[in-house]
Each structure stands twice: as C-alpha cells, then as structure tokens.
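Load the model in your viewer and keep the selection tool at hand. The tour goes stop by stop.

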There are 2 protein chains.
Amino acid sequence: MRILLVGAGGVGTAITRIAARREYFDHMVVADYDLPRAKSAVAAAADPRFTAARIDAADSAAVTALLTEHECDILLNATDPRFVLPLFDAALAAGADYLDMAMSMSKPHPDRPYEEVGVKLGDDQFARAAEWAAKGRLALVGMGVEPGLADVFARYAADDLFDEIEEIGIRDGGNLTVDGYDFAPSFNIWTTIEECLNPPVIYEKDRGWYTTEPFSEPEVFDFPDGIGPVECVNVEHEEVVLVPRWIPAQRVTFKYGLGDDFIDKLKTLHALGVDSTEPVAVRTDLGTARVAPRDLVAAVLPDPAELGDRMHGKTCAGTWVKGRKDGKPREVYLYHVVDNQWSMSEYGSQAVVWQTAVNPVVALELLASGKWQGAGVLGPEAFEPRPYLDLLVEYGSPWGMREQ
Amino acid sequence: MRILLVGAGGVGTAITRIAARREYFDHMVVADYDLPRAKSAVAAAADPRFTAARIDAADSAAVTALLTEHECDILLNATDPRFVLPLFDAALAAGADYLDMAMSMSKPHPDRPYEEVGVKLGDDQFARAAEWAAKGRLALVGMGVEPGLADVFARYAADDLFDEIEEIGIRDGGNLTVDGYDFAPSFNIWTTIEECLNPPVIYEKDRGWYTTEPFSEPEVFDFPDGIGPVECVNVEHEEVVLVPRWIPAQRVTFKYGLGDDFIDKLKTLHALGVDSTEPVAVRTDLGTARVAPRDLVAAVLPDPAELGDRMHGKTCAGTWVKGRKDGKPREVYLYHVVDNQWSMSEYGSQAVVWQTAVNPVVALELLASGKWQGAGVLGPEAFEPRPYLDLLVEYGSPWGMREQ
C-alpha cells in the first residue's frame, strides 16, 4: 500500500510516528502547504518509507497529480474540514481510495438554524456515493476517534451487545490540564470552534435529524479510569449523521465535556465575531490584507500538538448505549482512554492528538490486509467491528467496556 | 490660527463638525492615512476652511513637512495612542504647538507589574518638556474629556471649592445601549483594551504612583441625570498621572463603569491573547502576513463612530472630589453628561465620540484667543479653569455640579 498523507500538523505527525512501527505499507508521502512542517513529520518517523512534499490542499488538481506521481493507493486526509471536499474530489479523480477523520462541512438552515438541519456534515460527500461505488473505489469517512472509533463501538454494540437500541450517545470528556496557560485547547481550535458553535445535531427515529441551540441539554457523565464526572453538552458531530445510516437506534446524540470556562470563552469569541471565517480587511506588514478572524485566533493560541510536555491527565472517547438484550434493559459505555503521560513517553505525541491519529492507521492496516473492504462512501460502522477492536489492542492501546 | 488635525476617525470627524461652527481659526487640514476618510470628514464640516490630506501618522518627517507646507500653528492629534510620540516629535520639529487627547503609552514594570509603575503614561512626553519650553512652544497633553475636561474640573475644585483635598477620583459611567449588538464598545476598542488591561495606576501623596491588578477596587458610583448607580473599577488613565503634577491631593484615582459583561469579555480577550499588539503570522489573501491580534479585533467589531443611530442613553464624565472647605468636610461631583439623542440630532455624532471631540475644540479656541497660553509640556490643570468651563457652556454643552 502506498499512502498520501495530506496535513503534517499535530495529527499528521502523530500518524507518521505510529505508522512507522507497522509493516503493512510500502510508502507514505507526507504533504503539507508548509514544506518544512512536512519534512519535520517525516523526520519524526525516522523511516526511509516516508518522504515529504509540498501541496496546497485546496488545489484539487495538484493533489490528483501528486497521487498519480507517487502511485498512491489511498489519500489520508489529516487537514482541517475546509479541505475535505477538494481532497475527496482529488482522490476520486486519481482513482485512489480516500480516508478522513472529519467530514465535509455543514451549513445551518437559513431560517430556522436552531431547529432544522440545513446542509448536514458529510452531505456533500454522500451525494457523490454513487460515483465512488461505480468506480469501485472506497471513501472511508469519519475514521478518527470521534467520529471513527466511536462509530466502531456503536456497530459492535448493535451486533453483539443489544437486540434493540434506544439511544446511542457519544460522550467525550477528560481531565487534561496544561501548565502555564489560562486557555489552551487540546485540539485544533479551528475545528473546535466549528463544531462547538454550529447548531448541534440530534437524530431521532420518528423525527429525523434536527438541531438545537449550541451547548444544549447539559448532563453530567461519569467517565471511567479516574476521570470522574464531567458536564457534557450537545455539540455538532459526525457520529450523529453516520450512525443512523447503518445502525437502527431510536436516538443518536453527541455530547462533549467542555466545561463552563471553555463554553464561556467560546461564547465570547462568538459574541465578538472573532470566530468568523469571513475575511475582514486589516493592517499587516504586507499592507492592508483580508484575514479570517478565526485563522488569527488559531495563530495566536498555542499549537495544541506542542503542549504535550505541559499537559497532565487523560482523555476519554466513547459510546454509551442504552437498550435491551434478551428481554432485559441494558446500558453500557464502550470507551478508549489515553493517558497523556503514556502517549508522550511512548510516542512523543499528546493524548488527544495521538488518540485521533492511531485510528486511521489501524483502519488503513485493515484495508491493506483486506479484512475491511468496500466501495462507495462508507462510515466506520459499515465494517466488521471486531477485527478493528482487536487490532487497536495490538497497537498497545486497549479499549474498555463498563456495564451500568 | 491654522490647524493640522491628524486622524479622521470618529473623534476627528466630530471635531470637524464642531469646529465648523466656530470662527476662531482660519484653516484646518484634515489628514489621515486613509485619504477618503479624511475627505469624508472634510465633507462633514461643509466649510471651505477645511481641506483633506493623506498622512502616515507614524512618519514623523512627513508630518513635519505637512505642518510646514500648510503653515500650521498647531497639530491636533486625534489618532490612537500608538502615534502620540511621532506626532509630538513632528510638531516640535516644525516649531508648531501640539494638542492630544491621550498621552504616550505606558510600559508595565518588568518584575512587579501589578504593584509598581514602569514607564507611566506621558513619561516620554514629559521627558522632553525642557525642549518645548526652550523653544517657547506648547504641548497641551491629555486635552479630551478624560483626560481633559476631568482635569479642568479638578483644577476648578482645587481653586474655588476646597481648601484641602483628600481624594480626586475621576468617575466615568453611562447607560448607553446599542440595538442589535451583543458587544459594541462605544469608544475605539484599541484604546479601550489598552487602558483596561494595563495595570491601573493610583497616586497617593505618601507613596507616589503605584499599580494594582486590572479591574481592582470595584465601587458603585451613583451617576447624575437619570443614569443612576454603576459599578466602577480602577483603570489606567492619564488623569492619575496629570493631576498630582499641578494639584495637591492625598490620593488620585480613575474608575470606569465598565459593567460585568464588558469586563468578562476583556478578560477573555486577554486570556486568549487576542488583545496582544505583538504581530503573529497568519494566512491572508496576500500570502502569509504578520497581523497584530488587537488590530483584527478592532477590524471585526463595529466602528463605534457608526453606531450613533442604534445607540440610546447618556454618557457621563466627571470628577469627584472629597476634602475640606472653611474647616468643614465637603464632597462634590463635577460632571458633564451627553445624551446620545441630542448629539446625534445636533451634530450627527454619537455621545462618547462627541464628548471627547468638543473639548479640544474649546481648548484651541482659548489658545487662539490668548486666554490660555503657555510653553512646555502642560496638562489641562495647568490653565485657568473658569474660561474653559464658561466656553463649554457657550458651545451648548453645559456641565453640572452635585454636592454630596
């Protein structure tokens, strides 16, 4: 297998470090618009199978040419969600497979943004499913940790643990702190703003997908492994649009343990308008230029991938499922915890970034071995969950299950 | 009198509208780095005595040349505090007088920023007082409303109302609201961030100048004219460094009625680092450029000068003085209130901007008539207060006094 990895940020760099320990692929081209960043991710892998390239992820034709030049079988997208569509199109044009960890962006309903969905996450990708199927090529979408592993858990619960499912609720929380920072998001702030300030989406069987106000329906969820109770709120996330396509459930939700302080700061960014992606004219050293305020916020905040040395604690991603098995009520939480101390000492990557990165590397190994195969635009829940969960354990990163 | 007005923003434009109704000057050149803005301020005056020019306020030599070319007697600085020093220097080099409404910037103490002063507001200007005096030229510094009118009030209290003064406390508050905005500062946000997030300065006779944490010593002050009680906190402001130079008082403070919501938003801007003036590299339509985060915040927020039509309420600036007169304790609040509805209908300028702008126009008239004269670097409290206060009434904008 020959892979083109696009995006050598925190997740991309962790991907090279994780993949370097696996034998299943022959070559990985690491491409970024910032060539030194790509070179540094290649250096982190310390493996001759990796080479660096410069690419503008927004330039579909250039990406197609790069895939063709390096005879890549698959494009692994580790950029932010703005680049999903050009990369997705580039892979199809090159006749390559495609894998991403976040899906094409949503657009709120024009009149009733906090009640009805507009364009949903991934809609623009699923609209082209027939083309991918016709070409016999696979776009495996939403294959990080959330979405990704969380969806594999949902499929596992539906296959092996439940006869009928009332609710599938992805619940994400942790107890990470960062020394010396008032505010230091542990994941890409551009994406965090996008998902937290968009109207959260909820699925109900009788109602379909609908939206609410941001940060709605707070609940305290008790996370395992010493993390403990964290207040979680509804956030727009891919799992809610992916799970119902393959798994019958009465209700699907995603809640994120953001904490009051983080929510307040996001609300302030929004009230001030500095979360906006609409460029404004501002004075720069090159003269008056147009800058998207959110890009500046991302540039000001510390790079979450660089904070591992100052971080303490654990992050937990998981899928809570409520339903019935053998006529009796059942409730489980399937989860995956990464301790920052472990991921730093073992891989030099901080916990949240590492947890996202390990999953596409596992998924690619299943595709390389043929244990997972398919064509069209498919989510992680379209595949057999057991081989995935077993391989994740083999990677040294076990998952857990709590009956509750 | 021939005047060079530098800065055709909200205050600069209000200055042209107010000055156009007065006879005392022969010509006013309105200069801005954005020529259309200067032209629009000139158009607002609708008076042949005004002409527009393009100038970079940071380019001292170009400003000197402009002063010389137009044979200006005085430079009126209506830019933000970053440009105080180059404009101050330019006027001295041209042999012109100088007037500003905010003084040269402070620099926090390197080790104990919230206890000791570092470089104080205006220090860099006062350091050159001997040069101004030797040339027989006047730099009248801090001559807006606060600093400015507030300092005139302090001098009036010291001359006519008190035998000894325990505390002079500038108190600023209002009840302005802006329709349709969650957060719309009523004054230049760049300056507001600067003054609110810098360590507030306090003067005490026995201790000299010292600093505290931002937003310290909250107190509820009851503002006149129907505004009512507003919580005020310590903020760094020029009056605290100006007043003690000319007026004997045990203590001098400045408190601003910011409101909890505004304080929270400023604290968040600071926690995120987007209040910073240190440029960061960010993607723009001209390529990667360096942008000062605070410039972007200012670019995103609505221009306070454009909000007059959506504003309601009044703003109050004033000086509270506590001491003794004829052996008895006395406490007064000398104040100036502007109702936005009045300033909009009368001048088309919103209240806060108009209140700042009227004061330098009054001061220039006293300089033109010779009622105020002097050489060196002088604050408003260095001059006779009564002619000023009378002329302000003649401008249709009375002040008030409350015994309390």
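Where is B:Pro147 found in chain B? Select B:Pro147: this residue sits in the loop between strand E6 (138-140) and helix H7 (149-161) of chain B. Helices (H or I, at least four residues) and strands (E, at least two) are DSSP runs, numbered from the N terminus.

Before moving on, some ground rules. This is a predicted model, in which local features need pLDDT of at least 70 and side-chain atom pairs count only at pLDDT 80 or more, while totals for chains, interfaces and linings use all residues. Residues are numbered from 1 along each chain as its sequence is written, chains are lettered from A and ligands numbered from 1 in the order in which they are written, and side-chain values use heavy atoms, with hydrogens and water left out.

**Stop 1: the cis bonds**

Stay at B:Pro147. A cis peptide bond joins B:Glu146 to B:Pro147, with omega about 0°. Now go to chain A. A:Glu146 and A:Pro147 are also joined by a cis peptide bond, omega about 0°. A:Pro147 lies in the loop between strand E6 (138-140) and helix H7 (149-161) of chain A. Most peptide bonds are trans.

**Stop 2: both chains**

Show chains A and B together. A rotation of 179° with 0.1 Å of shift along its axis superposes chain B on chain A, at RMSD 0.0 Å. The two copies are thus related as by a two-fold rotation axis. The superposition is by least squares on the C-alpha atoms of residues with pLDDT of at least 70 in both copies. Of the interface residues of chain B, 100% are also interface residues in chain A, so the copies meet through the same surface.

**Stop 3: two helices in chain A**

Select H7(A) and helix H14 (residues 385-394) of chain A. They pack at an angle of about 125°, with their axes 9 Å apart. Axes are lines fitted to C-alpha atoms, for helices over the stretch in contact, and angles run from 0 to 180 degrees between N-to-C directions. Which residues of H14(A) make the contact? They are A:Pro385, A:Arg386, A:Tyr388, A:Leu389 and A:Leu392. From H7(A) come A:Leu149, A:Val152, A:Phe153, A:Arg155, A:Tyr156 and A:Asp159. Contact means heavy atoms within 4.5 Å.

**Stop 4: a covered helix**

Select helix H9 (residues 238-246) of chain A. How many of its nine residues are buried? Seven are, and the helix is mostly covered. Buried means under 20% relative accessible area, exposed over 50%, partly exposed in between (1.4 Å probe, protein chains only). The buried residues of H9(A) include A:Glu238 and A:Glu239, along with A:Val240 and A:Leu242. Among the elements of chain A that the buried residues of H9(A) pack against are H7 and strand E7 (164-174).

**Stop 5: positive phi**

Select A:Glu71, in the loop between helix H3 (60-69) and strand E4 (74-77) of chain A. Its phi is near 50°, a positive value in a residue other than glycine. A:Glu71 is exposed, at a relative accessible area of 59%. A:Ala94 belongs to helix H4 (residues 84-94) of chain A and is partly exposed, at 28% relative accessibility.

Last, jump to B:Asp326. Its place is in the loop between strand E17 (314-325) and strand E18 (328-339) of chain B. Phi of B:Asp326 is near 50°, again a positive value in a residue other than glycine. B:Asp326 counts as exposed, at 59% relative accessibility.
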